[in-house]
Amino acid sequence: MAAGERDLMGGFAKGLRVLEAFGPERQRLSITEAAETSGLDRATARRCLLTLADLGYADYDGKFFSLTPKILRIGHSWLSATPLPVLLQPHLDQLSERVGHSASASILDSTEIVYIARAAQKRVMSINLMPGSRLPAYSASMGRVLLAALSDAEIDVILAATQFKAHTPLTLIEPSALKAEIARVRERGYAVIDQELEIGLCSIAVPVRNDRGRVVAAINVGAPAAILPAAELPAHCLPAMLELQARLTPLLP
């Protein structure tokens with residue numbers, strides 16, 4: 001049931017916007033920075049930040065606010081409530097051992113993917129990926145697989161809301177080129193990324209469907225391009241990934 005405007009809590013929504021202003025590149029925020037990033041006025045951002053600090057979700061040193069570990073309770077509530085991470089983890093462990101490279105699972109959240117499980121052989125990216133980590137959907141192999149499961153209209157909405165950034169010289173950032181690539185992913189059933197997120201990293205992803213055919217997640221294998229180039233990923237990884245894909249379908253709600 002859709003909520004009416006009178007049913008919504010404006011203050012709560014503003015607090016969430018301030019929370020979302022924090023990120024990997026914005027770990028400490030002043031009141032002015034929080035206001036600019038969240039799009040709120042300075043007085044509202046200040047009240048939200050002070051409330052977070054009073055409740056123990058943020059620290060305040062007199063100038064800057066930073067989130068505390070208590071904020072993890074919010075994300076952990078979702079991870080604890082959904083069976084996907086627990087169900088997928090042992091299968092990712094087996095896949096990682098079989099192909100000799102790191103394997104991950106993620107879901108789509110607006111313009112980003114959120115990691116929900118991971119089996120790491122070695123660290124292949126400069127950032128440390130773990131459950132809860134986020135990457136832009138347009139430039140991640142799992143993101144393109146998840147986007148390919150949507151309608152063209154839904155893809156248009158997400159791409160229109162995306163802030164494109166060329167992470168490397170190889171990153172696709174032109175919407176028409178991305179839509180053409182997503183269409184190819186939809187047709188062949190898997191996505192390959194060749195150093196679009198980070199130089200030296202390539203990956204391959206496939207969708208994970210439940211027994212009703214709905215895509216509920218994506219799994220991928222990431223490898224150093226110097227050891228396993230993108231062109232060799234399908235031959236090396238796809239058979240094992242498709243076997244896992246088929247094995248998971250009857251298990252997923």
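How many residues does helix H9 have, and how far does H9 reach from its first C-alpha to its last? Let's look at the close-ups. This is a predicted model, where local features need pLDDT of at least 70, side-chain atom pairs count only at pLDDT 80 or more, and totals for chains, interfaces and linings use all residues. Residues are numbered from 1 along each chain as its sequence is written, and side-chain values use heavy atoms, leaving out hydrogens and water.

**View 1. Helix H9, residues 233-248.** H9 has 16 residues and reaches 21 Å, close to the 22 Å expected at 1.5 Å a residue (1.5 Å times one less than the number of residues). Helices here are DSSP runs of H or I with at least four residues, and strands are runs of E with at least two, numbered from the N terminus. Among the buried residues of H9 are Leu233, Cys237, Met241 and Leu248 (buried means under 20% relative accessible area, exposed over 50%, partly exposed in between, with a 1.4 Å probe and protein chains only). The buried residues of H9 pack against helix H5 and strands S7, S8 and S9 (contact means heavy atoms within 4.5 Å).

**View 2. Where H6 meets H8.** The axes of helix H6 (residues 141-148) and helix H8 (residues 175-188) come within 9 Å and cross at roughly 80 degrees. On the H6 side, Arg144, Val145, Leu147 and Ala148 make the contact; H8 brings Leu178, Glu181, Ile182, Val185 and Arg186.

**View 3. Ser110 in its loop.** Ser110 sits between strand S4 (102-109) and strand S5 (112-119). Ser110 counts as partly exposed because its relative accessibility is 49%.

Methods. Axes fitted to C-alpha atoms, helices over the stretch in contact; angles between N-to-C directions.
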